[in-house]
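Here is a walk through a single protein structure, taken element by element. The account follows the order in which the parts pack together.

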Amino acid sequence: MSETPTWNYILIFSDSVGTRDEVKQFVDSRPEITTWYTCMSNAFFIRSGLTAKQLTDLFSKYTNEKGRFIILNCSTDRNGWLPQQAWDFMENEG
C-alpha cells in the first residue's frame with residue numbers, strides 16, 4: 001500500500017483574514033494539513049495531500065471570503081531570507 005503524496009505550500013494572508021493565532025487555530029484544526037511551520041506573522045508553511053485549489057476552497061470557507069490570501073506550492077524557484085528550518089520544511093517531501 002502506497003502513502004498518499006503530500007505537497008508543501010506557503011499560505012500568505014492579509015490582516016483582515018485574522019490574527020496569526022486565529023489562523024493557527026484553523027490550521028491546527030484541519031486533518032488535511034499534516035504539519036506546518038511558521039516564522040513570519042502572516043504566513044504559514046503547510047504540508048497537505050490536497051491541491052492548492054482544494055486548500056483554497058477550504059480556507060475560503062474559514063475566511064467567509066473576506067480578506068486576501070494566496071496559497072503557493074513551494075516546489076518552484078524560490079529565494080529569500082528565512083531561517084534554515086523554513087528551507088528544510090520546503091525541501092521535505094513528507
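Predicted model: local features only at pLDDT ≥ 70, side-chain atom pairs only at ≥ 80, totals over all residues.

Strand 1 has two pairing partners to consider. With strand 3 (residues 43–48) it forms six bridges in the antiparallel sense, and Trp 7 has Ser 48 of strand 3 as its bridge partner. Strand 1 also runs antiparallel to strand 4 (residues 69–73), to which five bridges join it; here Leu 11 stands opposite Ile 71.

Helix 3 (residues 84–91) comes next. Its residues Ala 86, Trp 87, Phe 89 and Met 90 are buried. They span an arc of only 160 degrees around the axis, and therefore lie on the same side of helix 3. An α-helix has 3.6 residues a turn, so residues three or four places apart point the same way. Gln 84 and Glu 91, on the other side of helix 3, are exposed. What do the buried residues of helix 3 pack against? They pack against strand 1, strand 2 (33–40) and strand 3.

The remaining part concerns helix 1 and helix 2. The axes of helix 1 (residues 20–29) and helix 2 (residues 52–63) come within 12 Å and cross at roughly 130 degrees. The crossing of the two helices is right-handed. On the helix 1 side, Glu 22, Val 23 and Phe 26 take part in the contact, and they meet Leu 58, Phe 59 and Tyr 62 of helix 2.

Key: Residues numbered from 1 in each chain as written. Heavy atoms only, no water. Pairing = 2+ DSSP bridges. Helix = DSSP H or I, 4+ residues; strand = E, 2+ residues; numbered from the N terminus. Buried < 20%, exposed > 50% of the residue type's maximum accessible area, 1.4 Å probe, protein only. Arc of directions from axis to C-beta. Contact = heavy atoms within 4.5 Å. Axes fitted to C-alpha atoms, helices over the stretch in contact; angles between N-to-C directions. Left-handed = near helix turned anticlockwise from the far one by under 90°.
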